[in-house]
Structure formats: C-alpha cells, structure tokens
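User: Can you walk me through this one? I'm new to reading structures.

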Amino acid sequence: MKKIISFTLFGSEPKYYVGAEKNIETNKNLLPDWETVIYYHPEMTRTDSLNNLKLLGAKLIDVSNVKIGGKGPTDRSEEHTSELQSRVDISYAVFCLKKK
C-alpha cells in the first residue's frame with residue numbers, strides 16, 4: 001500500500017507556502033518512505049510557489065476539474081469533505097508537531 005501524507009493548499013499568503021515547505025521537509029526527514037501530496041486549485045494559488053513545492057519533492061494535484069455532488073472544489077462543506085475523503089483510498093497520517 002502506498003503511504004501518502006496529503007494537504008490542501010488554497011490562498012496566496014506567503015505563510016501558507018512557508019508552512020507547506022516545512023511540512024515537505026519534515027515529512028522527508030521523519031517518514032522518508034511516505035509521499036507528500038498537495039491538492040491545489042490554480043486560480044487560488046501562486047504558481048511560482050507551487051513550482052518550488054514540486055522541486056522540494058511534493059506531488060501536486062490540480063483539483064480545478066473535480067466535481068463531487070454537483071459542487072466544485074471552492075464550494076466546500078463538511079458533507080463535501082466527508083464524501084471526498086470516503087472516495088479516496090489512501091492511508092494518511094496527521095501530525096501535530098510542537099515547537100520546543
């Protein structure tokens with residue numbers, strides 16, 4: 001079974017990309033046999049920053065054409081998220097990292 005840690009990235013604030021870079025590096029160091037996947041929408045993200053995340057080793061998945069239950073990726077709801085998660089057949093992990 002493929003081991004994947006996935007994130008979504010929407011927004012143009014630099015802090016989102018700094019956090020994503022840190023997550024990619026942390027994942028590589030702590031779980032080198034796991035793949036980091038980032039879901040994004042090209043109209044809601046910074047292309048230059050996405051390229052950097054790819055260079056760091058993340059797999060990027062464009063969700064601009066994803067429709068679930070008649071809604072697009074920008075029409076997020078708890079039901080939408082639950083339905084999406086139930087359709088994804090991957091292992092995932094959530095890490096809460098504390099600063100010392």
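Analyst: We'll go through a loop residue, a strand pair and a core. Keep in mind that this is a predicted model.

User: Where is Phe10 placed?

Analyst: Phe10 sits in the loop between strand S1 (4-9) and helix H1 (14-30).

User: Is Phe10 buried, exposed or partly exposed?

Analyst: Its relative accessible area is 28%. Buried would need under 20% and exposed over 50%, so Phe10 counts as partly exposed.

User: And what does Phe10 touch, skipping residues up to four places away in sequence?

Analyst: Phe10 touches Tyr16, Tyr40, His41, Met44, Thr45 and Val63. Take Met44: it is 34 residues from Phe10 in sequence, yet their C-alpha atoms are 5.4 Å apart.

User: New topic. How do strands S2 and S3 run?

Analyst: They run parallel. Four bridges join S2 (residues 35-40) to S3 (residues 59-62). Between the two, the chain passes through helix H2 (residues 47-55), and this β-α-β crossover is right-handed.

User: Which residue in S3 is opposite Tyr40?

Analyst: Asp62.

User: What about the largest nonpolar core? Which residues are in it?

Analyst: There are nine: Leu9, Tyr17, Ala20, Ile24, Ile38, Tyr40, Leu50, Leu53 and Ala58. H1, S2 and H2 each give at least two.

User: Which element gives the largest share?

Analyst: H1, with three residues.

User: Back to Tyr17. What is in contact with Tyr17, leaving aside neighbours within four places in sequence?

Analyst: Its contacts are Leu9, Gly11, Ser12, Met44, Thr45, Arg46, Ser49 and Leu53. Leu9 and Leu53 also belong to that core.

Note on methods:
Residues numbered from 1 in each chain as written. Predicted model: local features only at pLDDT ≥ 70, side-chain atom pairs only at ≥ 80, totals over all residues. Heavy atoms only, no water. Buried < 20%, exposed > 50% of the residue type's maximum accessible area, 1.4 Å probe, protein only. Contact = heavy atoms within 4.5 Å. Pairing = 2+ DSSP bridges. Right-handed = clockwise from strand over helix to strand, strands pointing away. Core = buried A, V, L, I, M, F, W, Y, C linked by side-chain atoms within 4.5 Å.
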